[in-house]
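Subject: Structure handover

Hello,

Here is the structure I said I would pass on. My notes on it follow below.

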Amino acid sequence: MMDNYDWLFQRRAIGSKTAPNLLVLHPLERSDGTAEGKPRESAFAWYRQLAEGQWGILFVECTTCSDDPAERGHSPDGFLMTESNLPEFKRLVREIKAISPETVLMIQLSTGLPGNDRVGNENFMRLPAPAISRAQANMIKGSILAAEAGFDGMDFKLCHGHLTFQLLCEANKRQDEWGGKTLRQKARFTIEVVHGIREELALRKTGDFIVGARISEPSLANLRDIIEVLDKDLRLDFISVSHYPDVFNAEAISILTQAVKMMDPQAAVIQAAFTSYLANQGNPVEKMRQALQSRLAPDFVGFGRQAIADPLTPVKIRKGLYEEINWCKRCNSCFRLKHCKHYGEENELKN
Ligand SMILES: Cc1cc2nc3c(=O)[nH]c(=O)nc-3n(C[C@H](O)[C@H](O)[C@H](O)COP(=O)(O)O)c2cc1C
Ligand code: SF4
């Protein structure tokens, strides 16, 4: 294939950092933590393998900000961002950066409280107000710990049915201080967390920590208000666009991303679900080029399953080893497995 891929391997700013290319490895929960929420040795090995891919931005998986292991919700073996787990997170950062020093390394942080699906919404509606206040304090504390661990930034999980998503969405009919008629009232949790993080960072003189968020609106209804709050009010460094409930819905995510770009945000915009977007038909890399060169192009293209099928995808493209890329077959077995069903451990770079 005649292409030097310079259009993909250009450097681009995200907050105070610069990514070495436009390829993003999105958060991928693997439930590979200890009972205390520390990454297991196998998790360290997995992230070292991902780092070998030299992604422009790498998001470490959804990590719960809480000292209570029970709050990990749907991922009972997930990571916990706590003071006592800080040495392991420092090690994770050290190991990833030793392999891929230019990659912008972030971590997705969540409240972990109930949220997913209809039952999640019922749980959310029953949640006592003080529990939400506690989750808010935990989010600020967890974000500061992530900065202390050495991450370049955090991805505030406002998506996929988590508590923070429930707060923002139309199904939030709470009558207490966490509800409200307007989106800005419902966004109180998010607004206060971002201000709280920035105040703490300023006290510690660590102003270059990136703060962004992942959203997943099912429709355009709330989108304009959410972008107003996240971009115009809070001046977040990036907005990562996903979809809920179908996180793999590439077309919907593409439309939502274009709608966000139409609002001309200052924040860098990351479009998700490129595994599906690319795999439907045609040349995957050509489709990526079309997306990145379209009028309402995202700033970065994000991958989930393709990174599991082949963590080395970016470095293989860069080296022209296009034929060696293991393209994801979208069988979705990796929700249960800790590796790809089809390609397993075969992700060695041959040249
Ligand atoms: C195994 C697995 C784990 C995931 N874990 C997370 C997660 O921790 N946080 C998150 O926001 N999205 C998560 N996702 C969604 C991905 O980040 C991504 O948005 C989704 O896979 C769509 O992209 P793709 O079409 O490139 O796979 C996960 C997806 C998979 C397949
Ligand atoms: S298990 Fe299936 S969906 Fe997951 S990465 Fe492998 S081919 Fe893709």
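Two residues are in contact here if their C-beta atoms, placed from the backbone, lie within 7 Å. Please keep in mind that this is a predicted model.

By that criterion, and leaving aside neighbours within four places in sequence, M106 is in contact with I57, F59, F151, D152, G153, M154, D155 and I210. M106 belongs to strand β6, residues 104–110. It counts as buried because 29 C-beta neighbours fall inside 10 Å, the cut-off being 20 or more. For M154, which lies 48 residues from M106 along the chain, the C-alpha to C-alpha separation from M106 is 5.2 Å.

Next, a helix pair. The axes of α1 (residues 41–52) and α2 (residues 86–99) come within 8 Å of each other and cross at roughly 25 degrees. Angles under 35 degrees count as roughly parallel, so α1 is roughly parallel to α2. The crossing of α1 and α2 is right-handed. On the α1 side the contact is made by F44, Y47, R48, A51 and E52, and on the α2 side by L92, E95, I96 and I99. Sorted by class, this contact has six nonpolar residues, three charged and no polar.

As for the whole protein, there are 13 helices and eleven strands. The C-alpha trace spans about 60 × 45 × 40 Å along its principal axes. Buried residues make up 49% of the 351. Of the contacts with a separation of 6 or more, 75% are between residues 24 or more positions apart.

Regards

Note on methods. Residues are numbered from 1 along each chain as its sequence is written. Chains are lettered from A and ligands numbered from 1 in the order in which they are written. This is a predicted model: local features need pLDDT of at least 70, side-chain atom pairs count only at pLDDT 80 or more; totals for chains, interfaces and linings use all residues. Axes are lines fitted to C-alpha atoms, for helices over the stretch in contact, and angles run from 0 to 180 degrees between N-to-C directions. Helices (H or I, at least four residues) and strands (E, at least two) are DSSP runs, numbered from the N terminus. Angles under 35 degrees count as roughly parallel, over 145 as roughly antiparallel, 65 to 115 as roughly perpendicular and the rest as oblique. A crossing is left-handed if the near helix is turned anticlockwise from the far one by less than a right angle, and right-handed if clockwise. Ala, Val, Leu, Ile, Met, Phe, Trp, Tyr, Cys and Pro count as nonpolar, Asp, Glu, Lys and Arg as charged, and the others, Gly among them, as polar. A residue is buried if 20 or more other C-beta atoms lie within 10 Å of its own, exposed if 12 or fewer, and partly exposed in between; C-beta atoms are placed from the backbone.
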